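Here is a short report on a structure.

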Amino acid sequence: MNSSIFELMKKRTVLLDGGMGTELMKRGFPQGACPELWNVENPEVVKKIHQSYYAAGSDVVLTNSFGGNKIKLSAHGLGKRCFELNEAAARIANEVKPAGRFLAGSMGPTGKFLKPQGEFTGQEFEDAYAEQAKGLAAGKVDFLLIETQYDLREALCALRGARTACDLPVFVTMTFNRTPRGFFTLMGNSVSQCLKELETNRVPVLGSNCTLNSEEMTDLVKIMRELTPLPIIAQANAGKPSLSTGGEVTYSQGLEDYVRFIPQMIKNGASLVGGCCGTNPDYIRRMAEIIKAI
Amino acid sequence: MSQEELFSKMKRAIIEGDKEEAAALAKEAIDEQMDLNQVIEKGYIPGIQKVGELWEKGEYFLPELITSAECMKAAMEVLQPGLEKAHIAVKSLGKVVIGTVEGDIHDIGKNLVSSILSANGFAVIDLGADVKLEKFIDTAEQEKADLICLSALLTTTMLGQKKLIEMLKERNLYGRFKVMVGGAPVNQKWAAGIGADGYAENALTAVEAAKHLLKK
């Protein structure tokens with residue numbers, strides 16, 4: 001099972017899924033609550049979202065565990081349930097996974113900072129991610145995806161933690177802001193710095209997700225391709241979110257504009273594509289058509 | 001050293017993230033009995049403004065922002081007693097409860113607003129960051145505050161500003177306190193739409209807005 005995702009990558013462009021948070025909110029998820037809790041309290045809703053992505057054509061769906069590391073869960077008072085919630089995230093997704101498709105364990109950032117900016121040590125981060133990875137592995141994900149990382153140091157802690165917990169392949173995607181000087185993470189890591197460090201640490205598949213819309217992500221993929229021979233993951237946002245006074249969140253990049261850039265994104269070197277915040281199964285459906293046509 | 005030179009050194013200390021220098025220069029300003037409002041406005045604030053520009057340009061990132069904010073804090077800690085002394089004779093322009101909305105840890109801008117309001121004659125109760133909405137209201141009631149200032153830097157936490165106003169209405173307190181909102185994703189349209197009394201883009205305009213709102 002472990003090698004098949006690599007085999008699929010060799011054959012054609014792999015399609016990941018789209019936003020989970022957006023889909024949860026559509027189905028009544030209250031802003032500010034803990035999404036991972038729905039894996040045990042509202043599993044049918046979560047499963048329906050996974051199903052809709054598989055049906056739209058996703059080869060890989062990500063577990064509803066983005067905020068599931070122990071430190072992030074502790075902010076909701078749920079740190080002690082880290083293993084349980086992650087195992088549930090993986091288990092319920094597997095219940096709807098069609099044959100021949102894949103399930104990735106999503107591991108997003110802690111939301112806290114390492115010393116000296118924050119209070120945490122590398123070991124504490126590592127342990128927080130390890131606990132999460134144990135749960136995801138127990139629930140039988142096919143591989144892990146450490147994503148939306150904005151601090152290279154934290155990404156490396158997550159990597160170590162994941163590898164302590166299991167033998168599954170671990171992929172890593174960073175999130176970059178576009179500045180007049182180029183693409184950098186929030187903490188100031190450059191693209192080349194990130195790719196170099198991740199490669200040195202034997203990450204087999206890497207890339208970027210979030211923050212950027214599909215046009216910006218297409219530019220970033222070109223830069224990444226020049227810097228690494230490894231397979232590249234690219235999952236762009238549907239633009240930036242804005243909040244209406246009624247409390248509705250809308251994203252600035254519509255479906256047509258978003259998918260318009262996908263052929264070039266693949267041409268520029270993305271081997272695995274999907275969508276991040278603001279995207280939904282419609283985006284994935286269109287991307288599946290595009291990949292088929294290539 | 002001339003005033004101009006001192007201001008220039010203060011600006012540089014903030015930009016370079018030199019905490020000791022920022023504090024030392026603040027002490028010098030006190031020893032020289034300088035106008036501390038001027039010191040903040042012409043010395044330190046230009047420093048933090050430049051840091052903001054460097055952030056926009058992609059030359060400064062979060063670590064630099066945090067270091068510069070700490071320098072600003074160090075300077076303000078030295079200046080605060082001097083600022084308070086200068087205002088003992090002056091009647092307080094009003095009581096302000098300020099904080100960053102729950103779920104949000106961003107506080108650099110909020111800290112600046114807090115310090116500048118305090119420096120300009122307001123009695124400020126700074127609740128910090130990630131403050132529960134109830135705490136803003138309970139504190140304002142307890143302390144008989146005039147103004148509640150809410151900071152939010154995320155689209156997700158901005159909603160807290162709207163929720164707080166709804167809570168004031170539920171508790172029949174809407175209108176008892178003036179509410180001013182701020183933060184990068186916030187704007188005048190949002191403020192008006194949620195029923196806030198005021199909006200300010202930065203610490204300096206916040207003082208003017210607060211003075212205007214609380215004019216007796």
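## The sheet in chain A

Val14(A) stands opposite Leu272(A), a residue of strand 12 of chain A. This is a predicted model. Strand 1 and strand 12 (residues 270–275) of chain A run parallel, joined by two bridges.

That pair belongs to an open sheet of eight strands in chain A. The order is 1-12-9-8-5-4-3-2, and the pairing is parallel. Which strands stand at the edges? They are strand 1 (14–15) and strand 2 (60–62) of chain A. Each has a single partner strand, so one side of each lacks a neighbour in the sheet.

## Nonpolar cores

The largest nonpolar core has 87 residues. Leu144(A), Ile146(A), Ala162(A), Val172(A) and Val273(A) have the most contacts inside it. Helix 8 of chain A (residues 152–165) gives the most to this core: eight residues. A second core is separate and has 71 residues, including Leu79(B), Val131(B), Ile137(B) and Ala209(B).

What does Ile146(A) touch, leaving aside its neighbours within four places in sequence? Its contacts are Met107(A), Ala155(A), Ala158(A), Leu159(A), Ala162(A), Val170(A) and Val172(A).

## Where the chains meet

Chain A brings 17 residues into contact with 16 residues of chain B. Strand 7 (182–184) and strand 10 (241–243) of chain A each supply at least two residues of chain A's side. Strand 10 of chain A gives the most, with three residues.

How do the residues on the side of chain A that touches chain B divide by type? Seven are nonpolar, nine are polar and one is charged.

Methods: Residues are numbered from 1 along each chain as its sequence is written. Chains are lettered from A and ligands numbered from 1 in the order in which they are written. This is a predicted model: local features need pLDDT of at least 70, side-chain atom pairs count only at pLDDT 80 or more; totals for chains, interfaces and linings use all residues. Two residues are in contact if their C-beta atoms, placed from the backbone, lie within 7 Å. Helices (H or I, at least four residues) and strands (E, at least two) are DSSP runs, numbered from the N terminus. Ala, Val, Leu, Ile, Met, Phe, Trp, Tyr, Cys and Pro count as nonpolar, Asp, Glu, Lys and Arg as charged, and the others, Gly among them, as polar. A nonpolar core is a set of buried Ala, Val, Leu, Ile, Met, Phe, Trp, Tyr and Cys residues joined through C-beta atoms within 7 Å. A residue is buried if 20 or more other C-beta atoms lie within 10 Å of its own, exposed if 12 or fewer, and partly exposed in between; C-beta atoms are placed from the backbone. Two strands pair if DSSP finds at least two bridges between them.
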